[in-house]
Amino acid sequence: MTSQNDVEKRGGGSADHNTRERVLAELPVTERRLQLADISSAVLEGGDGPPVLLLHGPGEFAALWGRVIPDLVTTHRVIAPDLPGHGATGLPDGPLDHDRVRTWLSELIERTCVSPPALVGHLLGGAIAARFASERLDQLSRLVLVDSFGLSWNRTSPRFALPMLAYIARPTEHTRDRFLAQCFVHFDGVRGQLGERFEPIGEYALEWARTKTAKTVLRSLMPVYGIRPIPREALMRIAVPTTLIWGRHDLQTRLSVAEAASARYGWPLHVIEGARDDPFFEQPEAALQALRTSLGDS
């Protein structure tokens, strides 16, 4: 699957390489760089079987799927890219608009998947996935939206928004952890479960947040995918089986948004107890079970 043209010199990344290597050290994946829509892109791949493509949320990176990748690669070919401008994926010379992102994702699928994949999108990645599914009907087999943007206007709770804005404005360990405390029901518990593995993850996120790229990419992508709802007529065009997975206590996109979308479009909804907006990180066993059901594995 890898050719000489696929592998490029590392240099487009927006956070420290050494920290990234520590984050990836224990994951059963390989990493390669692909030139997609004129964007030098970092892609994690592992496993064999039906392809599953994982898109992360804003300010994140592909390795944050790491709590479920080791299990998922036992039955599936897993592809997890850093989104444009995130992690070790660069930005294009031109604008990072919807056309560019759609082309980037289409080329990623063509280069990494031997058959139409199941596309799983979290938050920002969910809105990208949903819009793609409504426009490229022949490139996917299934769609799974995880606490996704794009299903309603983004009316984030002030309890969440204020720490988020403080972190964006002044990224420090204190503002990061204050923000993360709103992303999880029990942040200290999750941190304790990870133990020493939390340090490189938290450090890598902080390094990215301090880059000029961070503000550039959020200004580009959030207005397109993170604020306005995707038109209903577009969502109605999604023809592949679609499932929603949602943390019960999400402060960014409330569970009521998922419930309304489930009722309107007939999409099954799996509610993950004890989780806010990142159930695959906070409650990986329950979220993985819901995903396997969505993929037809059980």
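Val-144 is buried, at 1% relative accessibility. Buried means under 20% relative accessible area, exposed means over 50%, and partly exposed lies in between (1.4 Å probe, protein chains only). The residue sits in strand S6, residues 142-146. Helices (H or I, at least four residues) and strands (E, at least two) are DSSP runs, numbered from the N terminus.

This is a predicted model, in which local features need pLDDT of at least 70 and side-chain atom pairs count only at pLDDT 80 or more, while totals for chains, interfaces and linings use all residues. Residues are numbered from 1 along each chain as its sequence is written, and side-chain values use heavy atoms, with hydrogens and water left out.

**Around Val-144**

Which residues does Val-144 touch, not counting those up to four places away in sequence? Leu-119, Val-120 and Gly-121 are among them. Thr-243, Ile-245, Leu-291 and Ser-294 are touched as well. A contact means heavy atoms within 4.5 Å. Ala-118 is 26 residues from Val-144 along the chain, yet their C-alpha atoms are separated by 7.5 Å.

**The whole protein**

The protein has 13 helices and eight strands. Its C-alpha atoms fill a box of roughly 45 × 45 × 40 Å along the principal axes.

Of the 298 residues, 56% are buried. Take the contacts between residues at least 6 apart in sequence: 74% of them join residues at least 24 apart. The accessible surface comes to about 12,600 Å². Carbon and sulfur atoms account for 51% of that surface. Such areas come from the Shrake-Rupley method with a 1.4 Å probe; for residues, only the protein chains shown count as cover.

**Charges and salt bridges**

There are 33 positive and 36 negative charges, and their mean positions are 6 Å apart. Lys and Arg count as positive, Asp and Glu as negative; His and the chain ends are not counted. Each charge is placed at NZ of Lys, CZ of Arg, CG of Asp or CD of Glu.

How many salt bridges does the structure hold? It holds 14. A salt bridge is a side-chain nitrogen of Lys or Arg within 4 Å of a carboxyl oxygen of Asp or Glu. Here are some of these pairs.

| Salt bridge | N to O distance |
|---|---|
| Glu-31 and Arg-20 | 2.7 Å |
| Arg-22 and Glu-199 | 3.7 Å |
| Glu-45 and Arg-32 | 2.7 Å |

Glu-31 and Arg-20 meet in a salt bridge. The pair links distant parts of the chain: Glu-31 is in strand S1 (residues 30-36), Arg-20 in helix H1 (residues 17-24), 11 residues apart. Arg-20 is buried, at 3% relative accessible area. Glu-31 is partly exposed, at 25%. Both residues belong to a salt-bridge network that includes Asp-82.

Arg-22 forms a salt bridge with Glu-199. Arg-22 is partly exposed, with a relative accessible area of 39%.

Glu-45 forms a salt bridge with Arg-32. This pair joins strand S2 (residues 39-46), which holds Glu-45, to strand S1, which holds Arg-32. The two residues are 13 apart. Is each one buried or exposed? Glu-45 is buried, with a relative accessible area of 3%. Arg-32 is buried at 7%.
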